[in-house]
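Here is a short briefing on a structure that may be new to you. Look over the sequence and the model, then read the points below.

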Amino acid sequence: MLRTITSILLAILVISTPLFAKNNITIYGKIIEKENGKALPFATIIIHSKEKKILSGTTSSLDGSFSLENTGEVDCELKISFIGFRDTTLTLSKESSANSINLGTIALSGDMIALNSAVITSRVPLIEQKLDKIVMNVAEAIITHGSDALEILKKAPGVSIDPSGKILLNGSPVEVWMDGRPSNMTGADLESLLSGTDGSTIDKIEIIAHPSSKYDAAGSGGIINIRTKRNFAHGVNGSFRAGYTAAPYEKYYHQSDATLVINNRGVKNSTSFTYSPRFSNGFNRFTTMTDMGDGSITHSNSMMLKTFNGHTIKLSNDYFASKKSIFGF
């Protein structure tokens, strides 16, 4: 009797295993630059549902290859993005007998910006792979000028933002730090801070997927440390920048921003003051298709207007106690 029951349970387990593994799909491929065919490392690959819910994420390796699992919905979309290249979105649909999808080689087209002239004195890699983190040299990327910190962060390797505004690293929640200190902000407050921070004030973005104990970030999915520019010249100096853009679409949508930076550095102290006003209005457009089931299909279009009007003020001071010790706020 016991042997019979054991045989039945094993039979049920064998039959049920494919059912439980039905939605476990391995997706892999390779990302290259369309212009020269070179591998594109550190590109962000995100799988999300049709409702834009993020299901999984990863970054491409040094040879451009990637592999990740989708344990969520069968029909979904895969989005590939990298700073300086146009976003590419692929629609995925799993066949009933397949447990993997090979996307082959995916070529990303460059997002070109016309310049009157350029003089290159030295070149720092946009993405650097350190021992414990990935460093994105924002100050060296022309394409980031005129953008806010939130827009730049969306292009960072492995970083994505879900519809609720939560910042994710490879699909997991992450802590955001500013200049080596926790921002202690989440949700709408953090989104407002990043939207009001001018991209021209950012020097580097450090992505730490597995922070060590010195960061005191146990339980988090990683740390994104945004480092702003520091002027090391002694005395008082500063800069001012302003910008304005307008886009016509049924009516004109405007965006204006400015940044004032004043630095004062002495032998033992360094003080910095930044003021950034920013205004923008725009919209998100949604298209919905509904199948009524009787052969008729309805279409509807809707627009969600967006307006941002914010002022960001930042004051910081560092005291250099010694060559290795700095106290500041």
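How many bridges join β2 to strand β3? Five bridges join the two strands, and β2 and β3 (residues 54-59) run antiparallel. This is a predicted model, where local features need pLDDT of at least 70, side-chain atom pairs count only at pLDDT 80 or more, and totals for chains, interfaces and linings use all residues. Residues are numbered from 1 along each chain as its sequence is written, and side-chain values use heavy atoms, with hydrogens and water left out.

**Overall picture**

- The chain holds three helices and 21 strands. Both are DSSP runs numbered from the N terminus: helices are H or I with at least four residues, strands are E with at least two.
- The chain has 329 residues, and 35% of them count as buried. Buried means under 20% relative accessible area, exposed means over 50%, and partly exposed lies in between (1.4 Å probe, protein chains only).
- About 20100 Å² of the chain is accessible surface, and 56% of that belongs to carbon and sulfur atoms. Accessible areas come from the Shrake-Rupley method with a 1.4 Å probe; for residues, only the protein chains shown count as cover.
- Take the contacts in the chain with a separation of 6 or more: 57% of them come from residues 24 or more positions apart. Contact means heavy atoms within 4.5 Å.

- β2 covers residues 44-48, and five of its five residues are buried.
- In a regular strand, side chains alternate between the two faces of the sheet.
- T44, I46 and H48 point one way from β2, while I45 and I47 point the other way. All of these are buried.
- I47 has S56 as its bridge partner in β3. Strands count as paired if DSSP finds at least two bridges between them.
- The hairpin of β2 and β3 has five residues between the strands, and K52 takes a positive phi near 70° there.
- β2 also runs antiparallel to strand β5 (residues 75-81), joined by five bridges. I45 has I80 as its bridge partner in β5.

- Strand β15 (residues 202-208) has five buried residues out of seven, so the rest of the structure largely encloses it.
- β15 pairs with strand β9 (residues 134-136) in the antiparallel sense over three bridges. I134 stands opposite I207.
- β15 also pairs with strand β16 (residues 223-228), again antiparallel, over six bridges. I205 stands opposite I226 there.
- The largest nonpolar core has 43 residues, and I27, I167 and I205 touch the most other members. Helix α2 (residues 149-153) gives the most to this core, with four residues.
- Such a core is a set of buried Ala, Val, Leu, Ile, Met, Phe, Trp, Tyr and Cys residues joined through side-chain atoms within 4.5 Å.
- Leaving out residues up to four places away in sequence, I205 touches several residues, including M136, V138, I152 and L153.

**Salt bridges**

- Side chains of opposite charge can pair when their charged atoms come close.
- The whole structure has five salt bridges. Each is a side-chain nitrogen of Lys or Arg within 4 Å of a carboxyl oxygen of Asp or Glu.
- K79, D87 and K155 are linked in a network of salt bridges.
- K79 and D87 have their closest N and O atoms 3.7 Å apart. K79 is partly exposed at 33% relative accessible area, and D87 is partly exposed at 37%.
- D87 and K155 meet at 3.0 Å, N to O. D87 lies in the loop between β5 and β6 (88-93) and K155 in the loop between α2 and β10 (159-161), so the pair ties together parts 68 residues apart in sequence.
- D257 and R278 form another salt bridge, at 3.9 Å, N to O. This pair links strand β18 with strand β19 (residues 269-291), 21 residues apart.
- D257 is buried at 8% relative accessibility, and R278 is buried at 5% relative accessible area.

**A nonpolar surface patch**

- V236, F240, L260 and I262 form a nonpolar patch on the surface, with about 390 Å² of accessible area together.
- Patch residues have over 30% relative accessible area and no salt bridge; like charges are joined within 9 Å, nonpolar side chains (Val, Leu, Ile, Met, Phe, Trp, Tyr) within 5 Å.
- β17 (235-249) and β18 (251-265) each supply at least two residues of the patch.
- F240 is found in β17 and is exposed, at 60% relative accessible area.
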